[in-house]
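Biologist: Please take a close look at the disulfides of this model, and then at the aromatic contacts. I would like the cut-offs stated as you go.

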Amino acid sequence: MFPLGVVGAICASVAFAAPTAPLLSSAALLDPGASTGHTQIQEPDGPTQYQISFGPRPYYIINNMTDSALKTKLQQCENSAYSITDWSIGHRGGGTLQFPEETVESTELCDLHTTTNILLNPGLAQKCTQPFRPANGTTPASALCCTSDITLAEYKTLCGKQDGFNASAKTPQDFQYGTPVWRTELYDTCGTLMTLDSYIDLVDSFPGYRNFTPELKTPPAAVPMPFTSANGTVYTQQQYARDMINTFITKGIDPARVWPQSFNPPDIYQWIAEYPKFGAQAIFLDEDGDDSAGFTADVSHLASLKARGVNIIAPPFGYLLAYGDAENKTVIPSSYANESKRVGLDIIAWTFERSGPLAKVRAADEYYYQRINQAIYYDGQEYEVLNILANVIGIKAIFSDWSATVTYFANCFGLTGPVGGSYYKGNISMQY
């Protein structure tokens, strides 16, 4: 077995829009075969024109809107010239309504049992942290398969699939099903998994100046850090964080193109201290305010994050919204949004288009809309919500599970996204 930092997955999404080529990203792992030497930072290519194809989704949403100035504006953009935009960030590839997450066609650290076919390979399935357990009368079917359970070579033999599982399954074969009904399995035909190295190479091969948003996945309790491999090697969280950044340095990637992410504040602070140019635009992923008490504390914590050098906060987009009247019919910026702006934190939100039909979010108490679901009724309101986030709150970018939806809106309003390299205020002669 390789240590966690070598086989631990990093969710990496590329900040690009909707060219006619597939929306691409990968499950990205640190590759033990990568060179440890540093190369000179490569100069980016100049701007490249793409032929943009959105497909039907943005137009469906516009047609589903009630008449308004916003709808008219979006309709007027239907025959405009379009371009890629860094305001639209592909979440796990940005194509997960149709393509398996984080594959070449479109993994988290311990989700191989739901995002790959590992349970259908008996030799690898038995290595899982928790092998498959069938459902019985009182307990649902379950499994837990982590990247640290297998070698990199074994990982590369797996097929990516739509994220989902069948909780009633009696066999590993039946466990493979469970994709939400509003996603398609049409292209679920063995998505190609990737390492962090091959992901960087893929994105860097695209014409133009494409950016990277790699996430250092926080190890779950099942994979405690420091991690001790089968051969006795001890691997720390700090080295794990270094290895991700060093992979980009080894590849000669300009720090201005990399927006590293983590839910773990010490990772962000470490990047700020050890890799100032990378750390200046590191993104703190925040999910500490999911309950009412936590939300209040989370808002009060924002100023201290800024004081520690954090420049970009990334909450679920629902954190940024609140009811604007006693009848819960209107939506306004939340205290979280207002406080973030007050203390000088830029906001990149997540994850649009991950909720399914909006007519069902209230009954399901769906995660992203649960703070405003009394005001949500139909799919056309997606662009109303996005308008508040973009043009009232002023978020810098948003992750989406279907990039075309966000990219259309960004083109219509001229939203270009954050500027790489603009956050670093230190010694300009420092390379990293």
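Modeller: A disulfide is taken here as a pair of cysteine sulfur atoms within 2.5 Å. The model is predicted, so local features need pLDDT of at least 70 and side-chain atom pairs count only at pLDDT 80 or more, while totals for chains, interfaces and linings use all residues. Residues are numbered from 1 along each chain as its sequence is written, and side-chain values use heavy atoms, with hydrogens and water left out.

By the sulfur criterion, Cys159 is joined to Cys190, with an S to S distance of 1.8 Å. The torsion about this S-S bond is about -75°, so the link of Cys159 and Cys190 is left-handed. Cys159 belongs to strand S6 (residues 159-160), whereas Cys190 is in the loop between helix H7 (172-175) and strand S7 (191-192), and the two are 31 residues apart. Helices (H or I, at least four residues) and strands (E, at least two) are DSSP runs, numbered from the N terminus. Cys159 has a relative accessible area of 18% and is buried; Cys190, at 38%, counts as partly exposed. Buried means under 20% relative accessible area, exposed over 50%, and partly exposed in between, with a 1.4 Å probe and protein chains only.

The search of the whole structure finds four disulfides. With bonded cysteines counted along the chain, their pattern is 1-8, 2-5, 3-4, 6-7. One of them is formed by Cys110 and Cys146, with the sulfur atoms 2.0 Å apart. At 105° about the S-S bond, the link of Cys110 and Cys146 is right-handed. Cys110 lies in the loop between strand S3 (88-90) and helix H4 (112-115), and Cys146 in the loop between strand S5 (142-144) and helix H6 (152-155), so this pair ties together parts that are 36 residues apart in sequence. Cys110 and Cys146 are both buried.

Another is the disulfide of Cys77 and Cys412, whose sulfur atoms are 2.0 Å apart. Its torsion of about 70° about the S-S bond makes the link of Cys77 and Cys412 right-handed. Cys77 is buried at a relative accessible area of 8%, and Cys412 is buried at 9%.

Now the aromatic contacts. Rings of Phe, Tyr and Trp (its six-membered ring) pair if their centres lie within 6.5 Å; planes under 30 degrees apart count as stacked, over 60 as edge-to-face and the rest as tilted. This rule gives 23 aromatic pairs. In one of them, the ring centres of Tyr199 and Phe212 are 5.9 Å apart and the planes stand at 85°, so the pair is edge-to-face. Tyr199 is in helix H8 (residues 196-205) and Phe212 in strand S8 (residues 211-216), 13 residues apart. Tyr199 and Phe212 are buried.

Phe212 also pairs with Phe248: the centres are 5.3 Å apart and the planes at 70°, so this pair is edge-to-face. Since Phe212 lies in strand S8 and Phe248 in helix H9 (residues 237-250), the contact ties together parts 36 residues apart in sequence. Phe248 is buried, as is Phe212.

Elsewhere, Phe263, Phe317, Trp350, Phe352, Tyr367, Tyr368 and Tyr369 form one aromatic cluster.

Charges also meet rings, where a charge sits over a ring if NZ of Lys or CZ of Arg is within 6 Å of the ring centre and within 35 degrees of the ring normal. Arg308 lies over the face of Tyr269, 3.7 Å from the ring centre. The charged end of Lys73 sits over the ring of Phe413, 5.4 Å from its centre.
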